[in-house]
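User: I have a structure open and would like to go through a few parts of it. Can we start once it is on the screen?

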Amino acid sequence: MQGKGNPAALDILILDDDPQRRDSLQAVFELLERECHVFDFVTWLQQGKELSLADVGLVLIGESTLPIALGKLISDLDQSRRIPKLLTCEWPELERADFSRHLILGVLEAPYRYPQLMDWLHQCTVLNEQAPEHWQDLPDMPGFVGQSRSVWTIRHLISQVAPRDISVLVTGESGTGKEVVARCLHEHSGRANGPFVPVNCGAIPSELLESELFGHEKGAFTGAISSRPGRFELANGGTLFLDEIGDMPLPMQVKILRVLQEKQFERVGGSKTLNVDVRIIAATHKNLELMIQDGQFREDLYYRLNVFPIEMPALRERLEDLPLLIHNLCEQLDDQDAGRLQFHPAALESLKRHPWPGNVRELANLVERLSIIHPGGVIGVSELPAKFRHLPEPNPEHYQQALELDEASVPVDETAPLETATHPAQPVAISEQAGLPADGLDLKAWLENQEQTLIQQALAASNQVVSRAASLLQIRRTTLVEKMRKYGIERQ
C-alpha cells in the first residue's frame, strides 16, 4: 500500500548542514524514485513540525553546525514511532552512548553505490513493516479477532489489497475463518456500499450451479416457471464470494473464466448478454495446484483468481489468540442471553494443548455447548468434554466437597411403605447363614436381609460416605441411594 500514512513507501528525510552532501544525497535517492524532504538544521528546527513523518521511512542525519544533541534530535523524530536512521557523517556522541534502540543502522558514506543503497532500503522496509507502531495504524476489523503475528500480517494484507479492485484467493483449513476475511475485504473496499453475495460452490448440486450463479429465463428447464436473477446479477456493484471454489465442476470453471475475462454472461435459457461489475473473492481448503496437476482444476482460472493470495493460519498455529477468541465468542453468546462464561486458567491451558482439527469453528461449537450446560459458570478442566482434557484436574477437592454435600442431602421418603417390615434387617454375617435349614427358607427375604446387612456394613466401614460405600460394594452411587430408600436405611 503506497501513499500517506505508509512508512513502507520509504520517503526520505535528509537533515544536513553540508549543502554539497545534501544535494548529492537528494539526487541519488531521487534517481531511486524516492521522494525526498530536504532541510538544513536551522530550517528543520523552524519548520520541521509542519512535515508529517507518517510517510517517512528513513532519516539521513548529517553534520550540524548548531549545538544540537543527537539524543534530543532522535527523540523529536521518534515521538510517534521509531524511524530507521542512517548517519552521513560521524557523530562523537555515538562513542559515548548506545543509540541502537533508536534504530540508527550505521553510517552511509560516499561514494554511494547502488547495491549498498538497496540493502539499506530493504532493511528499512522490513523494520517499518514489522514495527509494532505500524500494526497499530491498521483499520479496525471487528470480526477478525487476535493479536498474534500471523493475524496482524493478515490484517495488514487485507488493508493493502482491500482498496484495489483485484481478485483475491483465500486458502486455509476448514473452520479458519475464510469468509470472515472475505467480508473484511468487502467492508474496507470501495464496494462496501454494494452487496456482498456468498456462494458455497460445494453445497449446490452441479446441475443447479449454473442457474444459481447466472440465473435463468422462464421455461429454461422443467420447474423454471419464472425468470430469476443469479448470484452474479445480485452481486453487481459489490463482491461475489465463491467459497469452496475447489469443488466447482470443470464445465462451470470455463464459464466462470469467461465472466472474469469479459465481464459478461447470459442467463440459462437466455440469449441476451448481460454486463456485470463484480469483484471476485474465492476461497478453498484444497490444494488447487495439486488439483491442476491431476486435471481437476483449470490452470488459467487459478491464475485469474490467485492474483492476491491470503493464507489463513490454523488455530493451533496461533494459540496465543485463544483467550481473545474465547472472550469474543462468550460475548456473542451473552448477547443471546445464554449466560457469560468464564474459563479457569487451567482450562485455558488444557485447551491450548488441543490440536483443534476444526479450528475456530470447533472452538465456537465448544463454547456454545458449554454455555448451554453451564450458563454463566466458570469452566474448569473437569467441565470440558473428555477429548479437551489434556491436563489433570488441579482442584479435585472442589468436586469431592460438592459430592459429599450432595450425599448429605439424600432424601428418604419416610411415608413410603417399607418392603422389609416382615423381614427386619439383622446384622448377621454371611457365613452364619451358609447352610440351608432343614425346613427350608424364604430365599427372597434372605437375599434382601443379606443385602441390607452388607449395605450397613459398607456405610459403617466408609464413615457413612455413600460414594465410598458404593465403591466397596462395586455398584453405582445412584444405585446404592435407591437401595437405601427401598430398605429405609439412613446414615448414622
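This is a predicted model: local features need pLDDT of at least 70, side-chain atom pairs count only at pLDDT 80 or more; totals for chains, interfaces and linings use all residues.

User: How many aromatic pairs does the structure hold?

Analyst: There are seven aromatic pairs in the structure. Take F214 and F265 as one of them: the ring centres are 5.5 Å apart and the planes are at 35 degrees, so this pair is tilted.

User: Why those two values, distance and angle?

Analyst: Because the distance of the centres and the angle of the planes are how a pair of aromatic rings is described.

User: OK. Where do F214 and F265 lie?

Analyst: F214 is in helix α8 (residues 206-214), and F265 is in strand β11 (residues 264-266). The pair therefore ties together parts that are 51 residues apart in sequence.

User: Is F214 buried or exposed? And F265, buried or exposed?

Analyst: F214 has a relative accessible area of 3%. The cut-off for buried is under 20%, so F214 is buried. F265 has a relative accessible area of 2% and is buried.

User: What about F232 and F265?

Analyst: The ring centres of F232 and F265 are 6.0 Å apart with the planes at 45 degrees, so this pair is tilted. It links distant parts of the chain, with F232 in helix α9 (residues 231-234) and F265 in strand β11, 33 residues apart. F232 is buried, at 0% relative accessibility. F214, F232 and F265 form one aromatic cluster.

User: New topic. How many cavities of 30 Å³ or more are there?

Analyst: One. The largest cavity holds about 30 Å³ of space.

User: Which residues line the largest cavity?

Analyst: The lining is made of F232, V259, L260, K263, V276, V278 and I280. F232 also belongs to the aromatic cluster with F214 and F265.

User: Now the five-stranded sheet. What is the strand order?

Analyst: The order is β2-β1-β3-β4-β5, in an open sheet with parallel pairing. The edges are β2 (36-39) and β5 (104-107). Each has a single partner strand, so one side of each is left without a neighbour in the sheet. From one strand to the next, the twist averages 20 degrees.

User: And how many bridges pair β3 with β4?

Analyst: Three bridges, in the parallel sense, join strand β3 (residues 56-61) and strand β4 (residues 85-87).

User: Which residue in β4 stands opposite L60?

Analyst: L86 stands opposite L60.

How values were computed. Residues are numbered from 1 along each chain as its sequence is written. Side-chain values use heavy atoms; hydrogens and water are left out. Rings of Phe, Tyr and Trp (its six-membered ring) pair if their centres lie within 6.5 Å; planes under 30 degrees apart count as stacked, over 60 as edge-to-face and the rest as tilted. Helices (H or I, at least four residues) and strands (E, at least two) are DSSP runs, numbered from the N terminus. Buried means under 20% relative accessible area, exposed over 50%, partly exposed in between (1.4 Å probe, protein chains only). On a 1 Å grid over the protein atoms alone, a cavity is a set of points where a 1.4 Å probe fits but cannot get out, and a pocket is an open set with protein on both sides within 12 Å along at least five of seven lines; lining residues have an atom within 4 Å of a point. Grid points are joined across faces, edges and corners, and a volume is the space filled by probe spheres set on the points. Two strands pair if DSSP finds at least two bridges between them. Axes are lines fitted to C-alpha atoms, for helices over the stretch in contact, and angles run from 0 to 180 degrees between N-to-C directions.
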